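Please keep the sequence and the structure open while reading.

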Amino acid sequence: MGSSSTWPPARTLWPYLVMASLLRAAPATRWLLPRRGYCSQGKQGGLSKGFVEALKAVVGSPHVSMATVVREQHGHDESIHRCQPPDAVVWPQNVEHVSQLAALCYGHGVPIIPFGTGTGLEGGVCAVQGGVCVNLTHMDQILELNPEDFSVVVEPGVTRKALNTYLRDSGLWFPVDPGADASLCGMVATAASGTNAVRYGTMRDNVLNLEVVLPDGQLLHTAGHGRYFRKSAAGYNLTGLFVGSEGTLGLITAATLRLHPAPEAIMAATCAFPSVQAAVDSTVHILQAAVPVARIEFLDDVTIDACNRYNKLNCSVAPTLFFEFHGSKQTLEEQLQRAEEITQHNGASHFSWAKEAEERNWLWTARHNAWYALLALRPGCKGYSTDVCVPISRLPEILVQTKEDLKASGLTGAIVGHVGDGNFHCIMLIDPEDAEEYRRVKAFAEQLGRHALALRGTCTGEHGIGLGKRQLLQEEVGTVGMEIMRQLKATLDPQGLMNPGKVL
């Protein structure tokens, strides 16, 4: 997976020699520099000229940028957290580059911020202490496909859509679909999930092995070099430790993923309900009846209205469920019939299905564009999306209450959700110049998170903690849980330089 048994490989020794000549600071003391000790005389931005030259020696001058516009592009994601740009952006071309960059930064007290496609929603790429942003998108190769073993090895720049395009003629696919065309290793870092999780699981269920560059430059294969077994009872689950670590423990440079057989046939369906309660009750009843639904998505009336306008749909403006079923043609008919019976029992109307691929794709494109459709309701504003996840049995209670709270708050917002696994999102539109509105949105999001915790759920099902939910994480896992996490962080990153300010 792009590594060598001899480290460093002979072909990569020259950058080390250049670094040594440029950065001949006393090796016994350089580990004791203050956190921002690299802000020295002769600096470019926040980095010394010598340090910048050392970065260029590793990846080449064209792959290092100090330009303000580039740094600002890498200082924010899709969230409303303010832009906090790094001091430099680098584009490594291979795992050896990543290892050398990490060792260089760590040896000089420079924060390291991994960057994929920037589609996160909790400020995970904000450089709160400056430092070097490591953009991994140039490492975009599919390294190994094992169709008989249903596995593939990808570099961090490979996106979800690119992988499925590559797999198109293999009879396999990778089903985890967060909506955005995110990088797969970024999806690993945030433990992403999405619309297919109810049947195929989240990233936690679909990662077999990881290649990780640790903060000091060491290379780790979490399940052993080149291994891709389905199950193991050997030692601690190191792979699971890095799934959802949000770039705070290391840089993921390759992921071995579990693939699934492409379904023989696919059908989609929609139906409208008289109330939020009826729609969510139907979700629970369908799951309790063991109908093997592949996707079951909830869109409230505000979202449906926005999607109608944005995507030129003609759906009834009411709480709505979108379904998708995978299987043989015969089993699909049975699944659809059973789902229709259950929804009609709960007062559903306008039950319709889409059998052709073009019609299905049109439907799910509208669902994935819900974010942009909602933004169009209030031009000039930004979207604030928060998510929670609760046990399925508590889903009706929290969704109904959240809808009422949203109406009472006076905020412009909507609810969408991967309700098949108890996860939903509240998307609010906010004027970035209105401090009072921002305060109310933050208060609403915290209230929703605490409501989920009170129902034995979690403060985030898929967005992650990032900058915005650190207090809620502490309330969720407790004092002992937080201390264990801090100890793990300190063991792998004793200087606290990997994506500082996030999670903990």
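## Glycine 130

Does glycine 130 count as buried or exposed? The model discussed here is predicted. Glycine 130 has a relative accessibility of 7%. Buried means under 20% relative accessible area, so glycine 130 counts as buried.

Glycine 130 sits in the loop that runs between strand S5 (112–115) and strand S6 (132–135). Along the chain, glycine 130 and isoleucine 112 are 18 residues apart, and their C-alpha atoms are separated by 8.6 Å.

## The second largest pocket

Rolling a probe the size of a water molecule over the atoms shows where empty space is left. In this model, the second largest pocket has a volume of about 680 Å³. Its lining is made up of 33 residues, and those closest to the centre of the pocket are Arg204, Gly244, Ser245, Met485 and Val503.

Which helix gives the largest share of this lining? Helix H17 does, with 6 residues. Both helix H9 (238–242) and helix H17 (470–492) supply at least two residues of the lining. Sorted by class, the lining of the second largest pocket contains 14 nonpolar, 13 polar and 6 charged residues.

## The largest cavity

How many cavities of 30 Å³ or more does a search of the whole structure find? The search finds 5. The largest cavity has a volume of about 50 Å³.

The residues that line the largest cavity are Tyr384, Thr386, Lys442, Ala445, Glu446, Gly468, Lys469 and Leu472. Strand S18 (382–389) and helix H16 (435–454) each contribute at least two residues to this lining. The largest share, 3 residues, comes from H16. By class, the lining of the largest cavity divides into 3 nonpolar, 2 polar and 3 charged residues.

## The second largest cavity

The volume of the second largest cavity is about 40 Å³. Which residues line the second largest cavity? They are Glu78, Ser79, Ile80, His81, Leu121, Glu122, Gly383, Tyr384 and Ser385.

The lining of the second largest cavity has 3 nonpolar, 4 polar and 2 charged residues.

Conventions
Residues numbered from 1 in each chain as written. Predicted model: local features only at pLDDT ≥ 70, side-chain atom pairs only at ≥ 80, totals over all residues. Heavy atoms only, no water. 1 Å grid on protein atoms, 1.4 Å probe; cavity = no way out; pocket = protein on both sides within 12 Å on 5 of 7 lines; lining within 4 Å. Points joined across faces, edges and corners; volume = space filled by probe spheres on them. Helix = DSSP H or I, 4+ residues; strand = E, 2+ residues; numbered from the N terminus. Nonpolar A, V, L, I, M, F, W, Y, C, P; charged D, E, K, R; others polar. Buried < 20%, exposed > 50% of the residue type's maximum accessible area, 1.4 Å probe, protein only.
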